[in-house]
Amino acid sequence: MRWIANLAYRLRAVLAPEKMERDMDEEMAFHIEREAQKLVEQGITEAEAHRQARRNFGPAVRNREIAREAWGIGAVQDLRADARHTLRGLRRNPAFAAVTIFTLALGIGGTTAIFGVLNEVVLKPLPFHEPHRLVAVHHTMPGIGVDETPLSPALYLTFREHSRTLEDIGLWHRYSMTVTGLAQPEQVVVARVTAGLFPVLGVSPILGRNYTEEDVSPGSTYPILLSQGYWIRRFGADPSVVGRTIRIDGSERTIIGVMPGDLRLGTLSPDLYFPLVFAWVGVGNWSFPGVARLRPGVTVEQANADLDRMTVIATEDFDGIPLSTLREREFSSFVRPLKDDVVGGASTVLWIVFGTVGLVLLVACTNVANLFLVRAEVRQRDVALRSAIGASKWRLARQFITESVVIGILGGAAGILLAYGGNRLLLHMAPPNLPRLEQIGLNPTVLMFAVGMSLLAGLVFGTIPVLRYGNGALAESLKEGGRGAVSGRRWLRLRTLFVMAQVAMVLVLLVGSGLMIRTYQALRDVAPGFERPGEVLTFRVSVPSTDAPTSDDAARTHQRILEQVNQIPGVTSVGAAGSVAMDGWESWDDVEIDGFPPPPGETPVLRRFNWVTPGYFAALENPVLAGRSIEWVDVFERRPVALVTENFAREFWGNPAEAVGRRFRTGPEGGWYEIVGVVQDVYTAGVAEPAPTVIYWPLVVAELWGMNDYTTRDIRYAVRTSQQDPASILPQVREAVWSVNPNLPLAEILTLDEILANSMARTSFTLVMLGIAAAVALLLGVVGVYGVLSYLVAQRTREMGVRLALGATPADVRRMVVRQGGFMGTVGVAIGLVAAVGLTRLMSALLFGVGTVDLWTYATVAASLIGVVILASYVPARRAASVAPTEALRWE
Amino acid sequence: MGKHKPDMIKGTLDMLILKLLSLEAMHGWGISERIQQASDGELQVNQGSLYASLHRLTREGWIKSSWQATENNRRARYYALTRAGRKQLGIEAEHWGRLAMAVQRIMATA
């Protein structure tokens with residue numbers, strides 16, 4: 001245990017050096033005192049004895065130093081001295097300190113902020129038990145152009161029963177329900193789940209119990225699990241909530257437990273959980289996202305092979321689509337890591353943004369490196385002197401590295417502050433589908449990252465002057481009187497290279513943001529299928545069966561709400577639909593068209609289903625191209641009618657008018673529906689995706705999916721106003737809805753513009769990030785060019801003076817300097833163009849309506865960047881030209 | 001050049017200090033004085049090295065120090081051997097014995 005005592009001693013020396021010093025001084029004073037006493041006893045006078053005692057003791061300062069070395073903290077003491085020296089130096093040169101620290105802070109702060117997001121969203125494992133064994137289960141039908149659909153009940157049951165690779169599988173389904181009786185009526189986000197889902201994820205209720213198989217089988221009493229958030233919000237985290245009932249969609253349901261707060265299904269964080277009971281089990285109905293846990297040691301490939309095997313079994317065991325059809329559609333199920341599903345496209349965006357700010361950091365570092373080179377140049381004589389009086393090379397190197405590390409740490413500290421602010425900003429701007437954002441902040445991992453970056457930056461810069469003074473350049477510099485003419489050239493060339501690299505990086509960033517701007521423009525240019533979305537307010541209203549028991553009651557309630565809203569001053573038109581624009585509420589199925597009998601073994605293509613009220617197309621200004629729109633009489637008389645989109649009509653009949661009067665049905669035994677109108681396509685999957693083919697139904701359909709009077713009770717209203725801000729009529733709208741039924745909540749209140757913007761959020765997020773990064777980089781780049789040229793001009797003052805004295809005009813000199821800047825800019829731009837062609841390929845997935853090699857963008861960016869560089873060199877050029885020849889020659 | 005005094009062999013100062021402190025607790029000046037007296041002035045102690053040695057031995061845990069009054073009622077820092085120090089003294093004394101003998105043998109034959 002002696003080493004502990006040893007360490008304790010050293011720690012004492014580090015932490016309380018004053019006491020150690022005091023003790024040593026007193027001890028040595030006593031020593032001299034005692035020696036003097038001895039000499040006095042030998043008969044020497046007091047004063048002489050003291051003098052002699054001091055001589056006998058030897059050089060006091062040196063002795064103290066020797067003794068101090070025995071404390072074993074030499075390195076710490078040196079470090080302390082170096083740090084003190086550095087801080088003193090920085091105080092003496094605040095401009096250098098401010099510029100380097102601020103530049104580093106920009107770079108480190110930016111990278112840290114983005115790293116924080118990247119870490120939270122992409123890198124961190126999912127908060128489930130053994131998350132690497134969790135997979136999302138999907139289907140794909142490339143034969144009919146469907147990349148990915150969720151699971152169907154029949155396959156789910158087959159996988160559960162026959163799988164050799166999956167431990168278990170759970171399904172869920174997003175849903176929306178109305179809770180009444182707690183406070184105001186409230187529409188809540190519900191996840192309907194199978195009993196196996198939570199065990200698969202490895203989560204259990206924090207209160208109460210999980211679902212059992214009875215809870216999710218026909219005859220279920222539909223008990224409720226609360227989310228922790230909802231439990232706290234509505235029940236004040238009351239532990240006695242288990243066993244109580246809650247009124248949901250008009251029925252009393254018993255609460256059986258509370259799920260933990262961080263539970264998320266995909267990107268969905270539900271308020272409540274509701275049992276998922278299948279009314280119909282067949283091979284169709286692809287509606288339910290599935291999550292499975294792989295058995296230990298099973299790979300994704302093995303699981304996929306297993307799923308292929310089981311697809312065959314499903315078609316044998318269940319009704320629905322025959323195997324041959326599935327083959328034709330190239331139907332297959334596949335799994336992929338659940339995390340890929342949750343993170344999804346966000347990871348591409350975030351890696352690109354991270355790479356971007358990484359480039360900014362590099363630009364910043366190049367600037368700082370240049371500043372360090374200048375400083376090294378300036379202090380050459382000082383360093384040479386210190387070296388001459390005996391400072392070892394190692395000691396000098398350590399001094400430089402301490403200095404740069406101190407700057408790195410200060411820059412890093414400022415950067416962390418910036419990152420903190422940046423994170424707030426990111427939270428505001430992030431696309432709504434970016435998962436797991438709520439925990440973003442400066443956690444230990446992120447701080448470690450920032451500190452690591454600071455230290456690394458510090459070490460790198462510190463080695464620059466060390467290299468600069470390596471291999472005997474020092475003695476030379478003393479001889480040369482500090483001009484370092486020979487070696488100086490080489491270092492100047494290095495700095496020129498730095499600037500060129502910087503210009504190249506700035507160009508890449510500018511091209512990246514240019515391409516994003518073009519993408520954004522292209523997206524905004526797409527006619528989405530509706531007009532002037534800024535005028536339209538939307539919100540969802542769901543009419544539960546307790547308030548309106550029959551289909552007619554439900555339809556009439558919606559009809560009356562529409563009438564009431566229509567009477568509000570400022571409202572020009574109003575309508576409603578199951579899904580408005582790209583709000584994400586989707587329903588798909590296939591239909592059979594009269595006159596186009598499916599060839600044996602082939603079934604029709606999946607179409608998007610939507611349910612609309614009269615007035616809907618008018619409110620969106622989504623033109624009806626042929627025929628007519630839905631009318632209330634269609635609803636109340638259950639007329640078998642529907643509308644389709646233009647692309648649907650063209651697919652079969654070549655033009656919209658031809659489609660009117662044609663018929664289709666939803667299954668081989670079902671009744672026929674007549675197409676009474678054709679409307680313009682709407683980009684419901686986002687304007688970057690092709691517009692899907694849509695069938696618009698009335699709110700009540702006589703027969704659909706085996707149900708009579710299939711009724712759509714939950715619809716989104718679209719209110720077009722003449723108001724600047726459509727949200728300003730919200731109070732009147734609420735009153736209008738509640739005048740019909742005070743129990744109906746208004747949910748998901750958004751303007752149509754916001755829905756559209758949300759669908760483009762990924763693009764605008766990337767655009768803003770890249771834009772900020774490019775702007776910062778450009779600023780730093782300009783500073784870099786300016787700095788190097790200023791230095792160059794200062795170095796060549798005498799040369800300029802001679803030139804002017806020999807008859808060169810100021811314009812000649814100016815041109816010479818600007819040409820130098822232009823040269824650096826042009827070479828940098830050339831390198832940057834080549835790099836941009838390669839690097840922008842990484843972001844091709846984010847682009848729309850523009851290729852990665854877009855001449856217009858490249859040309860504009862290159863030309864303006866060269867222009868900016870020339871502008872930056874103009875100031876030093878003017879200074880060079882204004883040198884008075886006599887003064888320049890007197891210089892030195 | 002005057003009378004030549006041999007340099008202290010590296011590391012022997014530590015051993016001498018340990019040896020002296022094994023007899024009684026002493027302060028720095030006392031140790032220095034005793035070494036000179038006992039060696040009839042052959043060994044001159046550099047005072048800087050002396051205190052470096054004392055501090056290093058303290059750090060190693062072989063000696064410990066405490067402030068005490070001298071016979072003249074002055075405050076002085078007295079050093080005393082610890083148990084670990086006594087063991088270390090044994091080790092160093094044995095090393096020294098072997099080294100001295102080896103050197104002596106070579107000097108005798110050559």
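1. A crossing of two helices is left-handed if the near helix is turned anticlockwise from the far one by less than a right angle, and right-handed if clockwise. Here, H26(A) passes H28(A) in a right-handed crossing.

2. A quick word on the source: this is a predicted model, in which local features need pLDDT of at least 70 and side-chain atom pairs count only at pLDDT 80 or more, while totals for chains, interfaces and linings use all residues. Residues are numbered from 1 along each chain as its sequence is written, and chains are lettered from A and ligands numbered from 1 in the order in which they are written.

3. Back to the helix pair. Helix H26 (residues 761-795) and helix H28 (residues 810-839) of chain A have axes (lines fitted to C-alpha atoms, for helices over the stretch in contact) that come within 11 Å and cross at roughly 140°. H26(A) is therefore oblique to H28(A); angles between N-to-C directions run from 0 to 180 degrees, with under 35 counted as roughly parallel, over 145 as roughly antiparallel, 65 to 115 as roughly perpendicular and the rest as oblique.

4. Who touches whom? From H26(A) come Val785(A), Leu789(A), Leu792(A) and Val793(A), meeting Val817(A), Gln820(A), Gly821(A) and Met824(A) of H28(A) (contact: C-beta atoms, placed from the backbone, within 7 Å).

5. Now the sheet: 4 strands of chain A form an open, antiparallel sheet in the order S13-S24-S12-S25. Strands pair if DSSP finds at least two bridges between them; helices (H or I, at least four residues) and strands (E, at least two) are DSSP runs, numbered from the N terminus. Strand S12 (residues 536-542) of chain A is joined to S25(A) by 3 bridges, and Arg540(A) has Ala747(A) in S25(A) as its bridge partner.

Methods
Contact = placed C-beta atoms within 7 Å.
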